[in-house]
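This report describes a two-chain model for a reader who has the sequence and coordinates at hand. Please consult the structure below before reading on.

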Amino acid sequence: MGGEGWLFLFAVLMAAVLLFTMVFFIIMFSDLECDYINPIDLCNKLNQFVLPEMIAHAFLTLCFLLSGQFIAFLLNAPLVGYNVNKIMAKNHMYDATEIFRTLSGHKKESFIKLGFYLVSFFYYLYRMILALISESD
Amino acid sequence: MSSEPLNLPQGWEARWDAQSSAYIYIDQSTGQAQWELPTQPSYPTSHHSTSSSAPAPAPAPAPVSRPGRRHYPTAQIQQMYAGGGYDQPPPVQPLAPGYGDQTHVAPQFFTPGMADVQQAQIPQGQFQQPAYGQQPAYPQEKGVDQMTNQFQNMQMGYRAGATYGDQKQLHSIQTVNLIGMQPDVRGLDSPPPAALLAPNAAVTQSPHIQPDPSYQRCTLAAMPTTQSLLNKSKLPLALVLAPYRSVREVDDDMPVPVVEDSVIARCRRCRAYINPFVTFIEGGNRWKCCMCGLSNEVPQLFDWDQRENKPADRWGRKELNHAVVEYIAPTEYMVRPPQPPVYAFVIDVSQSAVQSGMVATAARTILENLDNLPNADKRTKIAIIAVSTSLHFMSLPPGSTEASMLVVSDLTDVFLPKPVDLLVNLTESRPAIETLLGRLSDMFQEPQVGNALGSALQAAHQLIGKIGGKIIALTSCLPSLGEGALKARDDPKLLGTSKESSLLNAASSWYKTFAIECSKQQVAVDMFLFSASYTDVATLSCLPRYTAGQTYLYPGFNASRSEDAIKFATEFGRVLSMPIGLEAVIRVRATRGIRLAAFHGNFFIRSTDLLALPVVPMDQNYVIELQLEDDVKATTVVIQTAVLHTTCFGERRIRVITQAMPTTDSIAEMYGSADQIAIASYLVSKSVEKSMTSSLDDARNLIINKLSDMLTVFKNQVTSSAGASAQLAVPDNLKLLPLLMCGLVKHVGLREGVSIPPDLRSYAQALLTTLPCQSLIPYIHPIFYSLHNMSPDAGTVGPDGHMVLPPALNLTSERLERHGLFFIEDGQNMFLWVGHEAVPRLIQDVFDLPSYAELTGGKYTLPVLDNPFNQRVNNIVAKTRELRRGVYRQHLYVVKSDAEPALRSWALSCLIEDRMDKMGSYAQFLTQVKNKVSRV
């Protein structure tokens, strides 16, 4: 298995992990809506995952860039830009005092990210298989 | 009911009924009997409609008092059998004097023979009165006058002209044109449109089944049935609450009735408290929840008087007669035994604080108010921490008269230097506390520059966190050391730009995180800020905002000016002596279909419908936006607010406020029932929020857009006059909303301008979101009186025992006269405007000065002189101060019409109908709105 195959195998795994993170976020948000968790605990819990998620995604994108997978890189670059922008504006962390006002926005964002990771998961899978086939030829 | 039959009106006789242990009152002329104390003399009437069975001339046999036997609302039953039904007004209360021809009140008593019928009837359930529309029309000969009387009797509202006899009463809509008209500012005091409930909506006919608007009011008095209707109408749907408002004798307030027997009937499913709008079914053994429709059992002891150990009259229960009641909660409502009130004072003793005299004034005020601190059961605890470059803990051992000071200079990892004697019982350590406060300001004479406020707050939090309570922080400079240190960030270049809103947001997240910690441990923080320069109110006010405290700002405080010292001492004293509620949660419940969408005010939102307040201060306002997630099917919706709190005398209590309103599916009816004060209050909170999340420009646009949207819908849908017109039509009940919005756009919290310090803006915004309606309205639309030509009775006590105030004037400088004396008040400040041609006599009478030239403007204390005019002016000032709920004591400024341009323009900025800098006059504001309206 060559470099490209390994890269996309790694990307598939990362996409799966990110996917699960988003599912976790969404479950937590609906827990909050149903009053199963209080906003302070929720924010403490989710804030642990915010930066790792962003770093993981940025790392993956960097890998694409370095290995010359420009299509995959361009696919991911807007999200990296969005994340960086959020960190610069210092509103990447969930704020327990504002969470109810911004909850619908957070949920929407999580759903969009979920969809994005899902699409990219299948794309990476496809590219991985493609790489494997081309190698075996 | 069992009150002594003293001072019976003429023509009434009281007889003791032994069986029911109560007096029965007999009208000697008609032979009618009733249980209620008559308030009006009886005189023979020729009125024919003694439709009810003639009352027994002898004392009516008492209700059969078999133990466990239930009592039913005799008045209603009587109506049922009275045949005539609504031939006569439902007996709500003895008629007020003055409604001459209706002296006849249906007696509320138990009629012999009725008991049987009653029992036979009850299984069919529900004391349903015949539907309103099926009633025969009112006899013609009863004039309009009488109709109005009946109207008032039914507590339907005070607005004559509503259509009658329809299936449902509707608000009449009078369209008013605003363009070219001077607004009638006196209309601001008028009550909101009443909720026109069906006559059988409540189980009792008490006049108090709807809360006073100062406790809770809704923007609409008729609830739309669907969200799409609400969206289409563009009217906001929000609840404006001040559940813990002060009850004062000067306002003729009724104290909140307390249900003492801890029988708390609640719905099993939605947990709503029983209220006047439930229905009793199955012979009164069960009640049907008015919110979710579930049938619940009536508690065993509901009809039992536990004190006297005898059956009680269910219809006399306070929760069925009052919209605002307080329950004494049993132990199930407690997480822990009721905690004592705890106060931790964090006092800044840095150089600027000592020099300005803040420390000395604060210490003296605490000392003077030690007796006024809520301490009914001698459990109140107190701690004092002085802070400058290091933390100074005060050890106050009980029984000793000596206090000692422990200095901790480690600001990063705050620890308590001593496990005991730092938080002490007020009563036990009183001598030490008094000694300490007596010499507090002398202890810190050597200048120390720097303020480790954040670390001190952490220390205070550690000290009282186990119990919870209130931290009162007094600081006169920006926190510069330790945790939560801030930098001066008030860049004048940002003012007036879209970046300005960043100055209205917190600079550091430390204060938010700390606020959450405090809220978790039931600690509230009050901030008293005394700034000579920038103190970052926006950041520091985060703590009070999320812990249900309050921010107080004293710009340029200097205790050597007696006005400053008095203002601070009075307000601080009121905060200290305020009876607070501890460890509180507010939950709002509403009829199925209604959802709480957003919250505005000082608290922490703990879940989608639960607000956590470590301390409930008095007279704080909360705004809650409502949405309709499902169609509302009920004909009456009920919105119930419950505040569970521990009183400062160690009782767990629940204050329940129930409000009911009919539903409607007509936009016209929604407009007819809209409450301009509540809408204004909602828009204030909404625009302040917008100014923080977006920009001040957006906030002002939001106000104008919302207003023009409403007026567009009103024009197109209600008055159905599409197209451009020269008029701006509003319903009569909203006619002052544009004026209030004009005031809001020009308010210092939202005004366009490059010269408003961010501190003042932030403070104004904090006030805008917390002031109760009664103070908020003057804050955005000040009161304006002309004093030099007021009528002779103004400023004196009128025949009704209340002070007569001069008529309020429109806020325009057209009213100012060169020789006049004017009074402007916005709830926070008062201005006495003196015209430069004022006659020396006037100056002499009011200020005791020979001429206008001698008078200097600025903060002023009016002398009390021995002449009637001075006394009347003083009376008006005193009355206005007394009128406003809340702790604030307004500064009085004397403004000379030709000197001190800054002060003069400040006073003129209160005249909101005028042009001001870039902002247009009220007429221009209306034109702007009208253009938007006709563009659609």
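A:P39 is buried, with 22 other C-beta atoms within 10 Å. Here a residue is buried if 20 or more other C-beta atoms lie within 10 Å of its own, exposed if 12 or fewer, and partly exposed in between, with C-beta atoms placed from the backbone. The model is predicted: local features need pLDDT of at least 70 and side-chain atom pairs count only at pLDDT 80 or more, while totals for chains, interfaces and linings use all residues. Residues are numbered from 1 along each chain as its sequence is written, and chains are lettered from A and ligands numbered from 1 in the order in which they are written.

A:P39 belongs to helix α2 of chain A; helices (H or I, at least four residues) and strands (E, at least two) are DSSP runs, numbered from the N terminus. Leaving aside residues up to four places away in sequence, A:P39 touches A:L32, A:A96, A:I99 and A:F100, as well as B:I605 and B:R606 of the other chain. Contact requires that the C-beta atoms of two residues, placed from the backbone, lie within 7 Å. A:Y94 is 55 residues from A:P39 in sequence, yet their C-alpha atoms are 9.5 Å apart.

## The contact between chains A and B

Chain A contributes 10 residues to the contact and chain B contributes 11 residues. On the side of chain A that touches chain B, α2 (39-66) and α4 (99-136) each supply at least two residues. That side divides into four nonpolar, two polar and four charged residues. In this classification Ala, Val, Leu, Ile, Met, Phe, Trp, Tyr, Cys and Pro count as nonpolar, Asp, Glu, Lys and Arg as charged, and the others, Gly among them, as polar.

## Annotated segments of chain A

An unreviewed UniProt entry lists residues 7-29, 54-80 and 114-133 of chain A as "transmembrane region"; positions follow the numbering used here, feature names are shortened, and annotations may be inferred rather than shown by experiment. Residues 7-29 of chain A are 100% helix and 0% strand, with end C-alpha atoms 33 Å apart. Residues 114-133 of chain A are likewise 100% helix and 0% strand, and their end C-alpha atoms are 28 Å apart.

## Chain B: overall composition and domains

Chain B contains 25 helices and 35 strands, and 46% of its 936 residues are buried. Of the contacts in chain B between residues at least 6 apart in sequence, 76% join residues at least 24 apart.

The centres of domain 2 (155-193 + 674-776 + 916-936) and domain 5 (782-909) of chain B, taken over C-alpha atoms, are separated by 28 Å. Domain bounds come from an automatic or database domain assignment. Nine residues of domain 2 of chain B are in contact with eight residues of domain 5 of chain B.

Strand β28 (residues 636-647) of chain B has nine of its 12 residues buried. Strand β23 (residues 581-590) of chain B pairs with β28(B) in the antiparallel sense over eight bridges, where pairing means that DSSP finds at least two bridges between two strands. β28(B) also runs antiparallel to strand β29 (residues 652-664) of chain B, with 11 bridges.

In helix α8 (residues 430-438) of chain B, the buried residues are B:A432, B:I433, B:L436 and B:L437. These residues lie on the same side of α8(B) because they cover an arc of only 125° around the axis, the arc being that of the directions from the helix axis to the C-beta atoms.
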